[in-house]
Amino acid sequence: MSDLRIAVLGVGMMGADHIARIGSKIAGARVSVVNDYVTEKAEQLAATIPGCRAISDPLDAIADPDVDAVILATPGTTHEKQLLACLEHGKPVMCEKPLTTDVATSLEVVKREAELGKRLIQVGFMRRFDVEYAALKALLDDGDLGRPLVMHCAHRNPTVPPHFDSSMIVKDSLVHEVDVTRFLFDEEITSVQMVRPAANPAAPEGLQDPQIAIFHTATGKHVDVEVFVTTGVAYEVRTEVVAELGSAMIGLDVGLLRKSAPGHWGGQITPSFKERFGQAYDTEIQRWVDAVRAGTNVDGPGAWDGYAAAAVCAAGVESLETGQPVTVEMVSRDSIKGA
Ligand code: ISE
């Protein structure tokens with residue numbers, strides 16, 4: 001079977017990372033087309049990849065006959081159009097989050113895919129492929145801990161880009177805990193409340209950081225999350241589930257622990273999500289490539305999960321304004337035939 005020919009749209013940090021991954025670690029795939037709104041950047045990169053061309057229009061890149069499947073690492077605002085083009089051309093697509101930037105367009109994408117009668121869209125919620133999250137999920141599904149009741153999460157970034165505003169902390173960072181909650185508990189989040197503690201003096205003026213999110217789920221489980229994106233320290237993602245018969249925690253960064261003079265004890269914290277979730281990205285892309293080559297196209301979170309995340313984040317952004325709990329507004333999955 002010949003290699004899957006992938007177009008990577010967007011060659012910023014995530015796109016470039018995926019291109020390097022496909023070139024060095026992924027079996028059965030190669031990058032045949034790259035695209036970026038900075039044309040020269042895509043051209044320079046294409047010149048370094050055997051058999052790869054740069055195509056300046058993203059929609060032409062999707063339609064190109066030399067492309068079997070697409071990775072979208074473009075800005076979220078462009079996703080709706082690009083996803084609809086992938087559906088129109090019947091091309092499987094791995095879309096970095098968000099699915100789209102608002103609830104209505106995310107729902108439209110879900111409906112358009114459902115009308116096709118086959119799944120083509122996977123959303124890049126990579127934590128589902130991390131070995132620690134996978135182990136936690138297996139433990140909960142095995143039932144050895146009894147029913148989960150509460151989850152405590154911490155999500156800390158050393159720094160974020162200058163354009164990050166308070167609502168992006170919800171839509172770009174907290175969104176991962178939204179997906180983790182839905183993944184681990186297999187149920188929807190029904191309400192979100194955002195609590196605003198005193199802001200970090202080192203955060204840019206006007207940025208509400210840290211934020212505390214409280215989710216309630218359909219069966220009444222409680223999840224709290226501290227999201228703090230200007231710690232200045234390192235990248236930390238911790239998750240603790242408290243269940244009827246015990247608790248389980250992941251994300252302790254317990255790699256090598258060193259003791260050395262003068263009386264030091266300790267290890268390393270990952271500097272960013274690229275290192276912390278490197279293995280998860282590798283597994284995610286390899287399994288997606290395998291699924292596309294096998295004709296099943298999706299092996300992980302799909303368009304519905306992207307829509308659900310958008311709906312929860314919209315409630316979160318609303319709550320950030322008022323500080324009050326906001327009910328998540330979602331259509332029922334059963335109301336969309338084939339979703
Ligand atoms: C970034 O976009 C990611 O997706 C990271 O996983 C997350 O930790 C970070 O806060 C986001 O900005």
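Trainee: What should I know about numbering and about which residues and atoms count?
Mentor: Residues are numbered from 1 along each chain as its sequence is written, and side-chain values use heavy atoms, with hydrogens and water left out. As the model is predicted, local features need pLDDT of at least 70 and side-chain atom pairs count only at pLDDT 80 or more, while totals for chains, interfaces and linings use all residues.

Trainee: How far apart are the end C-alpha atoms of residues 4-124?
Mentor: UniProt annotates this span, in an unreviewed entry, as "domain: Gfo/Idh/MocA-like oxidoreductase N-terminal". The span is 41% helix and 21% strand, and its end C-alpha atoms lie apart by 19 Å.

Trainee: Which helix gives the most to the shell around the ligand?
Mentor: The residues around the ligand (a heavy atom within 4 Å) include His-155, Ser-173 and His-176. The helix that gives the most contributes 3 residues and spans residues 166-185: helix 7.

Trainee: How much of the ligand does the protein bury?
Mentor: Polar contacts are pairs of N or O atoms within 3.5 Å; within protein, one must be able to donate a hydrogen and the other to accept it, and residues adjacent in sequence count only if both atoms are side-chain atoms. An oxygen atom of the ligand is 2.6 Å from an N or O atom in the side chain of Ser-173. Taken alone the ligand exposes 300 Å² (Shrake-Rupley method, 1.4 Å probe; for residues, only the protein chains shown count as cover), and the protein buries 90% of that.

Trainee: Why is helix 10 called largely enclosed?
Mentor: Buried means under 20% relative accessible area, exposed over 50%, partly exposed in between (1.4 Å probe, protein chains only). Helix 10 is largely enclosed by the rest of the structure because its buried residues number 15 of the 20.

Trainee: Is Ser-319 buried or exposed?
Mentor: Ser-319 lies in helix 10, and a polar atom of its side chain is 2.7 Å from the backbone oxygen of Gln-324. The relative accessibility of Ser-319 is 0%, so it counts as buried.

Technical notes:
Helices (H or I, at least four residues) and strands (E, at least two) are DSSP runs, numbered from the N terminus. UniProt positions are given in the numbering used here, feature names are shortened, and annotations may be inferred rather than shown by experiment.
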